[in-house]
Amino acid sequence: MIHLKKISFNTFPVAFHQHSVFSRTITTINSASHRKRMEIKQQRGIKMKKKIADKKKMHTIPQSNNNTTNNTTKAKEITNTSHTIQNNLNDANNESQTQTTQKKTKEKNHMIITPIKLEASLVGELGFREERWTSAKEIASAAVIAYNNFDNEVEEPLAFCKQIMPNKHKLEEETRSLEKITTEIGRYVIKSYKEEKERNPDNKTKSEKMSWRLHLFTPSSPIHPFTQGRGSLFKEVTKFIAKNKPSIPRMREIPQITTMENFFEIAKNNKKDLFEFEPNEGLMQVYFLQQNKIYLSFCPPDLRKKLRSLISPFPAGILHIPHLPIQENSSDESCSLPPSSAYAKLAEVQVRMGRYIQAGDVCVDFGACPGGWSWLALKQGAKVVAVDWTPLAANLMKHPSLKFHHGDAMEFSTEKLSTLIDSPTKGDFVVDWILSDIAALPNKALLLIEKWVKTRKCKNFCFTLKFVGSESYGILGMVKDAMISVPCQYYLHQLNANGNELTIYGYWE
């Protein structure tokens with residue numbers, strides 16, 4: 001880059017400055033150029049003012065003097081209207097926020113325990129009934145939070161709900177030792193018992209006779225009194241309450257099914273209420289969700305009755321049926337062992353329902369092969385009609401109380417049944433139990449329910465709904481809608497023994 005040096009007149013010789021002609025010439029040139037520059041500026045200013053005036057005319061509608069007042073009035077009206085609309089919108093937003101706050105205040109925060117990896121399925125199922133459940137969301141593995149005020153009884157079951165913890169309460173993070181947990185559980189029970197008495201001031205006898213049971217569990221399994229470590233809480237909590245509030249009844253202890261012999265004894269004696277809640281029994285639950293996340297919930301008897309379709313008498317809703325070795329195609333005529341593990345589903349259904357297959361009951365088993373359900377029914381003394389295209393295990397086919405029908409379950413009829421069994425069931429029902437574990441999509445099970453349950457041809461029923469992936473879970477809404485018109489007691493549940501399937505079971509009174 002070339003730098004030009006600024007030249008000053010002071011750098012020239014003195015003689016040059018004293019030349020008068022040159023000096024007058026410079027002065028004349030300077031004054032003439034200055035006037036010309038000023039004229040150009042004035043002309044530019046005039047042009048600019050004209051352009052501004054033209055633009056104003058373009059954006060201004062010509063008005064007469066008569067219309068000026070009217071237009072001013074209309075402008076004021078428009079301004080007032082816009083202010084009114086804005087105020088109304090603000091009021092509506094404030095009212096909506098107030099209603100949402102009131103709704104959240106009124107509705108209680110409940111935790112629903114679900115099978116692991118099915119949290120999203122439960123959230124979707126809750127969405128079927130948005131008028132009842134609001135703001136359902138996953139918070140952790142096997143746990144979903146939902147809002148509900150429970151003003152009315154919840155009659156519709158939730159298939160992916162293992163257990164519900166109403167009005168859950170989170171312990172402080174520093175509460176980790178068993179001693180501190182014992183104190184917190186004991187205080188919570190005492191507080192809940194006191195609140196229940198205050199809610200029933202005119203019925204002190206009822207609250208004083210209120211019994212209660214304690215459930216401890218983790219996301220994967222329940223905690224029993226014989227469990228090491230946390231299992232000691234049962235004993236310690238009992239001691240704490242007995243010391244600080246002796247008037248509270250002793251915690252009710254529930255028996256465990258540890259062997260299949262226990263199950264057969266319970267079924268034979270038809271102990272319907274062995275696991276069920278007593279009329280005035282409350283439920284205290286403690287969920288060890290994570291190491292530093294422990295949740296408590298106390299459900300009083302009145303609320304528990306409203307939640308009877310959701311709340312389980314088993315910790316975390318989990319019921320383990322003892323496992324037996326599998327004996328396929330055995331020649332053992334005594335049928336001491338099952339041909340498949342499917343027997344656990346039917347055993348679990350009976351315990352949950354509190355209704356057991358009795359000696360002499362007539363059971364029809366659709367999709368019976370290889371015979372797990374038929375085996376259990378025969379062991380309980382029932383007469384079984386097994387319907388399938390494939391024969392059952394060899395020893396079951398020789399059992400004197402079993403009749404096998406080779407064919408399609410959809411075409412099986414009461415007329416065909418009468419040719420297979422000499423003595424039909426007593427009462428108005430055709431059979432005591434309709435059982436179905438068919439390896440087919442849920443549509444087929446629904447057709448069998450339509451044919452046998454809705455027409456009151458069976459007293460008790462148990463159907464497995466099998467799925468491929470999670471795409472067909474949407475059929476649950478159809479199942480629930482179909483069962484609304486059937487005035488029987490039914491349950492829709494994922495059993496502990498279920499895979500990617502659900503079980504619908506129930507009975508007619």
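Good morning, colleagues. Please keep in mind that the model is predicted.

I begin with the pocket. The largest pocket has a volume of about 1,000 Å³, and 41 residues line it. Nearest its centre lie Arg308, Ser309, Gln489, Tyr491 and Tyr507. Which elements supply at least two residues each of this lining? They are the helices α9 (301–306), α10 (343–353) and α15 (475–484), together with the strands β15 (489–493) and β16 (501–507). The largest share, five residues, comes from β15.

Side chains of opposite charge can pair when their charged atoms come close.

In one of them, Glu278 pairs with Arg252, the closest N and O atoms being 3.9 Å apart. This pair links distant parts of the chain, 26 residues apart: Glu278 is in the loop between α8 (260–268) and β8 (281–290), and Arg252 is in the loop between α7 (233–244) and α8. Glu278 is partly exposed, at 35% relative accessible area.

Another joins Asp408 and Lys444, with 3.7 Å between the closest N and O atoms. Asp408 lies in the loop between β12 (402–406) and α13 (414–420), and Lys444 in helix α14 (residues 442–452), so the pair ties together parts 36 residues apart in sequence.

Finally, Lys454 meets Glu450 at 3.3 Å, N to O. Lys454 is partly exposed at 28% relative accessibility, and Glu450 is partly exposed at 45%. Elsewhere, salt bridges with shared partners join Arg213, Arg252, Glu278 and Glu281 into one network.

Key: Residues numbered from 1 in each chain as written. Predicted model: local features only at pLDDT ≥ 70, side-chain atom pairs only at ≥ 80, totals over all residues. Heavy atoms only, no water. 1 Å grid on protein atoms, 1.4 Å probe; cavity = no way out; pocket = protein on both sides within 12 Å on 5 of 7 lines; lining within 4 Å. Points joined across faces, edges and corners; volume = space filled by probe spheres on them. Helix = DSSP H or I, 4+ residues; strand = E, 2+ residues; numbered from the N terminus. Salt bridge = Lys/Arg side-chain N within 4 Å of Asp/Glu carboxyl O. Buried < 20%, exposed > 50% of the residue type's maximum accessible area, 1.4 Å probe, protein only.
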